[in-house]
Structure formats: structure tokens, C-alpha cells
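Here is a short briefing to read alongside the model. Please keep the sequence and the 3D view open as you go.

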Amino acid sequence: MEKIPMTPKGLEAMNGELKQLKSIERPAIIKAIAEAREHGDLSENAEYHSAKEKQSFIEGRIKELEGSISLAQVIDPATLSGAIKFGATVNLVDEETEEEKTYMIVGEAEADIHKGLLNIKSPLARALIGKEEGDSVEVRTPGGAKSYEIVKISYV
């Protein structure tokens, strides 16, 4: 299987979520299922069906996290420098609106655009890879083409 690039923070967050699911969420849902069973007829027991559905979600997420963690290739951005690559924190200016944005290029598993964590497979990240400070990039987005100037690149 293909390795999944990940920052140390991303791996730490995944391990924390996995621990939470295994030590708190899983035992709580097992208890909820047991309590719902005590209410009798399972065919019309909404609490039971809801708890079983939640258990299925938790078990699926545990498997997903364990799989991602086992394939993790941890890359520490602090050891990198130069042109934009995985782990770079990039300050951009939208050339049309002059709006500044900051993104860190991370792996798919830890990406969260609302936190400024940009998926390395996204169109913007792919356009940024290999570029230097002062370069302009044009990205095709669902809303049309956007142009950005790279103001600063750092590896933290």
C-alpha cells in the first residue's frame, strides 16, 4: 500500500482521536446498547437501533484511523527548506482582491481547509508545489481561475 504523508502534529491528532474512540466512546456505546436491550423488543427499540448505528460509525472510524496510522510516513516540516513542498506554510495574496491567506500543505488525512491545512492533492497545493517566494500561480477552481502571489514560504 502507498504511504500516507503526514506531519508529526497530524499523527499526534490521529493517535489522540483513536485513543478517545477506543477508551471513551467505544465503552460508552457498548453500555448504551446493553441498556437499550433491557427495554425489551429490539425490533421497535429506537434507542437500540440508534446506538447500534453509532457503534458501527465508531468501529468504522477506528479501522480508518488504524489504517492511516499504519501507513503514515511522518515528515517533519522543520527539517525542510527551499521551494514549496509537503509541510510548507505558505502566505498568499489573492492578486484580484488583495486578500491574504495562509495555508500549510499537509496530507489528505489531516487536511482541514477551515484550519488552513491544505490537502496536498488539492488543485491549489498542486499549483504551489515547486514554486518560490515572489512567484505567481494561477489555479482553476470551481468558481473560476484565481491568481495568487506567494509572499512567504516557511517550514515550522
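This is a predicted model: local features need pLDDT of at least 70, side-chain atom pairs count only at pLDDT 80 or more; totals for chains, interfaces and linings use all residues.

**A78 and its surroundings**

- A78 counts as exposed, because its relative accessibility is 53% and the cut-off for exposed is over 50%.
- Leaving aside residues up to four places away in sequence, A78 touches Y155 and V156.
- With V156, the C-alpha to C-alpha distance is 4.9 Å, although A78 and V156 are 78 residues apart in sequence.

**The annotated region**

- UniProt, in an unreviewed entry, lists residues 82–155 as "domain: Transcription elongation factor GreA/GreB C-terminal".
- Over residues 82–155, the chain is 45% strand and 8% helix.
- The end C-alpha atoms of this stretch are 9 Å apart.

- As a reminder, side chains of opposite charge can pair when their charged atoms come close.
- The model has six salt bridges in its count.
- One of them joins the side chains of K22 and E66, at 2.7 Å from N to O.
- This pair links distant parts of the chain, with K22 in helix α1 (residues 8–37) and E66 in helix α2 (residues 46–70), 44 residues apart.
- Both partners are partly exposed: K22 has a relative accessible area of 36%, and E66 has one of 34%.
- Another salt bridge is formed by E59 and R26, whose closest N and O atoms are 2.8 Å apart.
- Here too the pair links distant parts of the chain, since E59 belongs to helix α2 and R26 to helix α1, 33 residues apart.
- E59 counts as partly exposed at 24% relative accessibility, and R26 is partly exposed with a relative accessible area of 26%.

- K121 and E108 form a salt bridge in which the closest N and O atoms are 3.2 Å apart.
- K121 lies in the loop between β5 (117–119) and α3 (123–128), and E108 in the loop between β4 (100–106) and β5, so the pair ties together parts that are 13 residues apart in sequence.
- K121 is partly exposed, with a relative accessible area of 48%, and E108 is partly exposed as well, at 49%.

How values were computed. Residues are numbered from 1 along each chain as its sequence is written. Side-chain values use heavy atoms; hydrogens and water are left out. Buried means under 20% relative accessible area, exposed over 50%, partly exposed in between (1.4 Å probe, protein chains only). Contact means heavy atoms within 4.5 Å. UniProt positions are given in the numbering used here, feature names are shortened, and annotations may be inferred rather than shown by experiment. Helices (H or I, at least four residues) and strands (E, at least two) are DSSP runs, numbered from the N terminus. A salt bridge is a side-chain nitrogen of Lys or Arg within 4 Å of a carboxyl oxygen of Asp or Glu.
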